[in-house]
Amino acid sequence: MYELYIDWNSKINLISRKDKENLYERHVLHSLGIAKVIRFKDQSAILDAGTGGGFPGIPLAILFPQVRFLLLDSIGKKIYAAKDIASQMGLENVECCHARIEEEKRTFDFVVSRAVMPLNDLVKVARKNIASKQQNALPNGFLCLKGGDLQAEWKIFKNKIIEYELSDYFEEAFFKTKKVVYLPA
């Protein structure tokens, strides 16, 4: 995986050039923080909104090979890179699509994202993509990787949000302010 990302990063900016030595900690492990909150059931469907170069979708697809992932991004060159990386890794449970969230019509158990936009904006454009049929331990909804003080961002959701501090699971300093935010649909 490392070599694939470094090769693609030399062509287009998938991750910060100064951050490439931290690929596993700050991108792969960060993405897998979602797996500390939920173990997706086989045959679940997950929409990775604004995947960029494939985060969190590709690491999650590796961990959950019986779960279907749609990696969606509006930037064509990034989705092309994610598609190539997933293909070279043999990930048959990953579909990559160059589109905006507003254009996607299918439904999913969860929408996941990694700091793609404020939660309120994501909910507005992707609420329609949450399936009504439940099959996982958590009710269907949004699982977002976020950082910093986010109280102002989601005060409109009242007490519906559950924050999971990634520092409870990972000891690296990077995770001190990182969270998985869960919002049921």
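**Exercise 1. Which residues of helix H1 are buried, and what do they pack against?**

The model is predicted: local features need pLDDT of at least 70, side-chain atom pairs count only at pLDDT 80 or more, and totals for chains, interfaces and linings use all residues. Residues are numbered from 1 along each chain as its sequence is written, and side-chain values use heavy atoms, with hydrogens and water left out.

*Solution.* Helices (H or I, at least four residues) and strands (E, at least two) are DSSP runs, numbered from the N terminus. Buried means under 20% relative accessible area, exposed over 50%, and partly exposed in between, with a 1.4 Å probe and protein chains only.

Step 1: list the residues. In H1, Leu 4, Tyr 5, Trp 8 and Asn 9 are buried. Seen down the axis of H1, these buried residues fall within an arc of 125 degrees (taken from the directions from the helix axis to the C-beta atoms), so they line one face of the helix. The face turned away from the buried side carries the exposed residues Glu 3 and Ser 10.

Step 2: find the partners. The buried residues of H1 pack against helix H2 (23-32), H3 and H4, where contact means heavy atoms within 4.5 Å.

Step 3: look at one member. Asn 9 has 3% relative accessibility and therefore counts as buried. Apart from neighbours within four places in sequence, Asn 9 is in contact with Leu 14, Ile 15, Ser 16 and Arg 17.

**Exercise 2. Describe helix H4 and determine what covers its buried residues.**

*Solution.* Step 1: check the length. H4 (residues 76-88) has 13 residues and reaches 18 Å from its first C-alpha to its last, close to the 18 Å expected at 1.5 Å a residue; the expected span is 1.5 Å times one less than the number of residues.

Step 1: separate the faces. Ile 79, Ala 81, Ala 82, Ile 85 and Ala 86 are buried in H4. Down the axis of H4 they fall within an arc of 155 degrees, so they line one face of the helix. An α-helix has 3.6 residues a turn, so residues three or four places apart point the same way. Lys 77, Tyr 80, Ser 87 and Gln 88 are exposed on the face of H4 turned away from its buried side.

Step 2: name the cover. The elements covering the buried residues of H4 include helix H1 (2-11), helix H3 (57-63), strand S2 (68-73) and strand S3 (94-98).

Step 3: follow the chain onward. After H4 comes Gly 90, whose phi is positive, near 75 degrees.

**Exercise 3. Locate Asn 93 and identify the backbone oxygens that its side chain reaches.**

*Solution.* Step 1: Asn 93 is placed in the loop between H4 and S3. With a relative accessible area of 12%, Asn 93 is buried.

Step 1: a polar atom of the Asn 93 side chain lies 3.1 Å from the backbone oxygen of Ala 61. The side chain of Asn 93 also reaches the backbone oxygen of Phe 64, at 3.0 Å.

Step 2: not counting residues up to four places away in sequence, Asn 93 touches Ala 61, Phe 64, Pro 65, Val 67, Arg 68 and Phe 69.

**Exercise 4. State how many helices and strands the chain has, and in what order its elements run.**

*Solution.* Step 1: the chain has 5 helices and 7 strands. Step 2: from the N terminus on, the elements run α-α-β-α-β-α-β-β-α-β-β-β. Step 3: buried residues make up 52% of the 185 residues in the chain.

Terms used: Polar contact = N/O pair within 3.5 Å; in protein donor to acceptor, adjacent residues only side chain to side chain.
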